Amino acid sequence: MKKISRDTPLAEITLRKYEKPQGLEKRDLVKKLCLSLGLLQPGDSRDVVVDVLQVMLTNCKEGKQLTSNEIEKLVVENRKAYKLELLGIAHQM
């Protein structure tokens with residue numbers, strides 16, 4: 001029997017171009033980056049990816065390596081600092 005190949009992508013990436021961001025807070029800049037790379041969709045309410053990336057970028061500049069538990073703790077602190085609900089954070093057992 002002859003194999004039929006399918007033309008379906010294994011993965012895809014979405015890139016968006018925005019105007020140059022000026023006068024935005026740190027979190028808003030990271031959010032624009034996430035939107036530009038397709039990690040977040042416009043109007044998406046589950047924006048915890050913004051906090052994860054912000055925490056990782058901040059600690060990367062300082063040369064720190066983080067465990068998943070440390071990232072979770074810092075994400076919770078970050079969301080509390082911006083007065084956001086703690087939705088979308090998966091707690092480890």
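Guide: Let's begin with a term: a residue counts as buried when its relative accessible area is under 20%. Keep in mind, too, that this is a predicted model. Our part is helix H1, which covers residues 26–37 and includes serine 36. With a relative accessible area of 19%, serine 36 falls under the 20% cut-off, so this residue is buried. Leaving out residues up to four places away in sequence, serine 36 touches Thr14, Leu15, Arg16 and Tyr18.

Now for the helix as a whole. H1 has twelve residues, and the distance from its first C-alpha to its last is 17 Å, close to the expected 16 Å. Along H1, the buried residues are Arg27, Val30, Cys34, Leu35 and Ser36. An α-helix has 3.6 residues a turn, so residues three or four places apart point the same way. The buried residues of H1 pack against H2 and H3.

The largest nonpolar core is made up of six residues: Val48, Val55, Ile71, Val75, Val76 and Ile89. Helix H2 (48–61) and helix H3 (68–81) each give at least two residues to this core, and H3 provides the largest share, three residues. Apart from this core lies another one of five residues, including Val30, Cys34, Leu35 and Val50. Among these, Val30, Cys34 and Leu35 bring us back to H1, where they are buried.

Conventions:
Residues numbered from 1 in each chain as written. Predicted model: local features only at pLDDT ≥ 70, side-chain atom pairs only at ≥ 80, totals over all residues. Heavy atoms only, no water. Helix = DSSP H or I, 4+ residues; strand = E, 2+ residues; numbered from the N terminus. Buried < 20%, exposed > 50% of the residue type's maximum accessible area, 1.4 Å probe, protein only. Contact = heavy atoms within 4.5 Å. Core = buried A, V, L, I, M, F, W, Y, C linked by side-chain atoms within 4.5 Å. Expected span 1.5 Å × (residues − 1).
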